[in-house]
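This report looks at a sheet with its packing helix and at a selection of salt bridges. Please keep the sequence and the model in view while reading.

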Amino acid sequence: MSGSTHSVEEKIIKFLEETEEDFLSLWKESIILREDDIFKDRVSGNGHQMYLLVKKSLKSSIKDEEIKELAYKVAKERVLSKSNIGEFVYNVNVGRSTVIKYIIKSGISINDLQPIIDQINDHFDRYCYHAVTRYTELKDIEIKEKMVFVNQSHKDRLSLLGQMSSSFVHEFRNPLTSVMGFVKLLKNENPALKYMDTIEHELDQLKFRITQFLHASKLEVADKNKEEILVKKLFDEITAFLYPSIVDGDVKLSMTIDPTCTIVAVKDEIKQVLVNIILNSIDALKHNNSIDRKLCIKSEVRQESILFNITNNGPEIPEETKEAIFEPFYTTKSLGTGIGLYVCKSLIEKHNGTIYCESYKNKTSFIITLPINEKKPTVD
């Protein structure tokens, strides 16, 4: 460096030393600092450290590690205080502009100051880069740790559900089967006995709910009991089974199903999915105060797959809810278990199909696609 440059730097350093308290006071008045910041007492010290590094860099070249050390320390504090990174960047730039404003007042010509200003800007840029990079890294680590915890919590809950389901099925399935058997005997021996159809229907519904828990805890291999299913006949069985619920909900049902279309699948599992979706649609329609409660079921063949569209004119499902409805334990019903749609998604995916939801004002659709032909492994 030339002697004149040294002279300029020495003047700037002396000026900064003389105005240090004024600088820190003005900087503190201008920055964003939340009252609930757990490290708010350290902010002044961090600002002072930065100020000292600026002065040091004017005396001699400063190692990047020194800037990085302070930047990493501050980044960790910002993460732990749950501060917005925007606030930090703003405060750094307030420090930058305040330093530059002060040295401009030093009486040195702008031409002589320009190399110093460039040097200060480089110093702040490197500090900001290291701090934001480290802040982002720490935030990513924090998010990953939370996701691990959330995923483990889901696994623990599913494991607990499996244990509960095993006990539940063991304790209730055998007596339920006996009750259903005796109801059928009573119905055969006393055809005119009132309410037997209603009792039988409610017992079938209870059996269906128990089966849901069983599938949620332990999904069986999809290839088991696969058979060719006539889609029209399957929907006729389902609507007959759900007829009391359809009547009770005052729902107008319309079906457009190709009478010739077949799929190869596990009948009980696909039936469980469709029953659950239709029951959910009926429940949704109960919140529709209009006289015209519609449930429309359509099938459409598309090349090697079949598409089922189950649409109701009930209330719109909010976007944030729509994203979560297929997650386990998520429910908007006061007495819901939150496993119905989760089981549906699992069963459909086991059959190499897809299921998703579209919802708009007065129109909510569940769209299911399933392959028409069973995929068989190729043999060389």
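## Salt bridges and a mixed sheet

At 37% relative accessibility, Lys56 counts as partly exposed, where buried means under 20% relative accessible area, exposed over 50%, and partly exposed in between, with a 1.4 Å probe and protein chains only. The model is predicted, so local features need pLDDT of at least 70 and side-chain atom pairs count only at pLDDT 80 or more, while totals for chains, interfaces and linings use all residues. Residues are numbered from 1 along each chain as its sequence is written, and side-chain values use heavy atoms, with hydrogens and water left out.

A salt bridge is taken as a side-chain nitrogen of Lys or Arg within 4 Å of a carboxyl oxygen of Asp or Glu, and by this rule the count comes to 26 salt bridges. Three of them are listed here.

| Pair | N to O distance |
|---|---|
| Glu66 and Lys56 | 2.6 Å |
| Lys139 and Glu142 | 3.3 Å |
| Asp197 and Lys187 | 2.7 Å |

Glu66 in helix H4 (residues 64-80) and Lys56 in helix H3 (residues 40-59) are 10 residues apart; helices here are DSSP runs of H or I with at least four residues, strands are runs of E with at least two, and both are numbered from the N terminus. Glu66 is partly exposed, at 26% relative accessible area. Lys139 and Glu142 both belong to helix H6 (residues 110-189), where a spacing of three residues separates them by about one helical turn.

The side chains of Asp197 and Lys187 also meet in a salt bridge. Because Asp197 lies in helix H7 (residues 196-217) and Lys187 in helix H6, this pair ties together parts that are 10 residues apart in sequence. Asp197 is exposed at 52%, whereas Lys187 is partly exposed at 28%. Salt bridges with shared partners join Lys184, Lys187, Asp197 and Glu200 into one network.

Turning to the sheet, five strands in the order S2-S4-S5-S7-S6 form an open sheet with mixed pairing, two strands being paired if DSSP finds at least two bridges between them. Strand S2 (252-256) and strand S6 (354-360) stand at the edges with a single partner strand each, so one side of each is left without a neighbour in the sheet.

Strand S5 (residues 305-312) pairs with strand S7 (residues 363-371) in the antiparallel sense over eight bridges, and Ser305 stands opposite Pro371 in S7. Eight bridges also join S4 to S5, again antiparallel, with Asn309 in S5 as the bridge partner of Lys298. S5 is mostly covered, as six of its eight residues are buried.
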